[in-house]
Amino acid sequence: MSPAITQLSVTFIPLDFVTEWARCGQTADYLARFLACDFQKRDVVANVFSSVINELVENATKFSADKNAAVTVSVCQFEDCVSIATCNSATLVQAESFRELVGVIMRGDAETLFAERIATPPQIGGAGIGLIVLRKDYGARLEVRLDPGVGGDPLSLHTTVTLTHREVEQL
Amino acid sequence: MAGAGGLKLLLRCAESAADVLRCRRLIAEVYNRDYEVVFSEDHFDLAAKVEPWPHRFLMALHAEDLVAACGIYTHNTYVGRFGQISENDLRRTVAEADAVGLCDLMRHRELTKLSVRHEWRGRDIAPWLLGAAHSRHFTEVDRDNAVMVFCAKLSIIENLYDRAGLRTRRIKEFPFYKVHELYRSADDPMESRLMIPALDIPQRWYELALPGEYAIERLAR
């Protein structure tokens with residue numbers, strides 16, 4: 001991948017977002033507006049980016065193992081695509097479960113998966129609908145990487161969503 | 001009642017923005033860890049586990065440490081918003097208590113989000129603090145004759161309300177929402193309940209002076 005043309009990162013403490021959940025949307029809107037400046041249909045594109053960023057910010061907040069450990073959300077503009085990435089603390093169980101979900105979404109048919117999860121949601125916990133929608137509606141590419149924690153620290157979970165300019169501009 | 005290791009706590013109402021922020025962070029930390037709940041000032045969605053913040057807070061401090069907090073809805077109570085109770089439900093409950101005229105059924109307060117910091121658990125702070133939070137100096141029910149309402153699972157009613165000597169009157173079962181999936185269970189359902197301050201709150205709690213420093217008592221089961 002070529003070097004980023006434009007980028008911006010925001011670091012926050014998840015407990016601040018747990019305390020006021022609207023901060024997820026506010027942060028997503030801010031970063032989305034920053035990214036959308038380079039597109040012709042700014043408002044439409046900003047809405048798409050905001051939905052994607054909000055999904056990642058909410059997930060990073062919810063699944064942070066340590067709600068006082070910093071989360072980073074970064075947006076990068078490349079020549080032909082945009083990447084949105086989060087990094088948060090996670091337990092091994094959470095991280096493995098999340099990686100498995102992302103694998104299922106990327107390997108499967110998003111429309112079918114969406115229908116299945118809507119029809120039979122889990123009794124407890126989430127169905128991953130938000131991430132499936134990113135794949136289904138925006139053709140997003142999802143990737144997960146785990147970095148081991150130092151000593152007894154939790155793992156670092158890196159989640160990246162890539163959207164091609166072509167997909168975004170067609171919406 | 002035996003003492004709980006001589007633990008003394010300063011109780012006072014949250015007044016400054018910093019006080020409110022401290023209470024919110026403690027409650028958010030406890031509720032998110034225990035029930036995966038998040039909060040918002042102006043938006044709520046029980047299916048997405050987003051709950052509305054209480055309007056005021058009572059702080060329990062040990063030296064400078066905030067060890068526990070309790071919130072109160074002074075209007076737009078949780079039971080009123082989500083409990084699917086009608087005016088008739090309230091009238092029936094008050095009539096069954098033979099308490100018509102003792103309170104204003106149009107005015108409700110609700111103590112909520114009682115939270116004890118995890119490191120401070122096991123010292124019987126919760127039942128004592130729940131009783132203390134019924135002080136008229138926090139609820140201000142003496143100003144407008146309001147009734148107290150709340151919703152909780154039955155085990156909490158038994159372990160906290162009953163132990164504090166608070167009498168509670170069943171209104172009806174509380175509906176099921178996703179936000180309570182880690183709280184309630186089929187064996188331990190939630191109910192909406194009502195308290196008539198003049199009848200149901202012991203004087204020791206109702207007249208408890210705030211602010212004040214108190215030795216925590218271990219309340220008998």
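Contact here means heavy atoms within 4.5 Å. With that in hand, here are the close-up views of this predicted model.

**View 1. Where chain A and chain B meet.** Chain A brings 14 residues to the contact, and chain B brings 15 residues. Together the two chains bury about 1200 Å² between them. Carbon and sulfur atoms account for 52% of that buried area. The size of an interface is often given as this kind of lost accessible area.

**View 2. The salt bridge between A:Asp16 and B:Arg25.** Here the two side chains meet, at 2.3 Å from N to O. The count of salt bridges between chain A and chain B is one. Look also for polar contacts: eight residue pairs make them across the interface, with both residues at pLDDT 80 or more.

**View 3. The side of chain A that touches chain B.** Helix α1 (residues 14–19) of chain A gives the largest share of this side, four residues. Sorted by class, the side holds seven nonpolar residues, four polar ones and three charged ones.

**View 4. Helix α1 of chain B, end to end.** This helix covers residues 17–35, which is 19 residues. From first C-alpha to last it reaches 26 Å, close to the 27 Å expected at 1.5 Å a residue.

Note on methods: Residues are numbered from 1 along each chain as its sequence is written. Chains are lettered from A and ligands numbered from 1 in the order in which they are written. This is a predicted model: local features need pLDDT of at least 70, side-chain atom pairs count only at pLDDT 80 or more; totals for chains, interfaces and linings use all residues. Side-chain values use heavy atoms; hydrogens and water are left out. Helices (H or I, at least four residues) and strands (E, at least two) are DSSP runs, numbered from the N terminus. The expected span of a helix is 1.5 Å times one less than its number of residues. Buried area is the accessible area (1.4 Å probe) that two parts lose on being put together, summed over both. A salt bridge is a side-chain nitrogen of Lys or Arg within 4 Å of a carboxyl oxygen of Asp or Glu. A polar contact is a pair of N or O atoms within 3.5 Å; within protein, one must be able to donate a hydrogen and the other to accept it, and residues adjacent in sequence count only if both atoms are side-chain atoms. Ala, Val, Leu, Ile, Met, Phe, Trp, Tyr, Cys and Pro count as nonpolar, Asp, Glu, Lys and Arg as charged, and the others, Gly among them, as polar.
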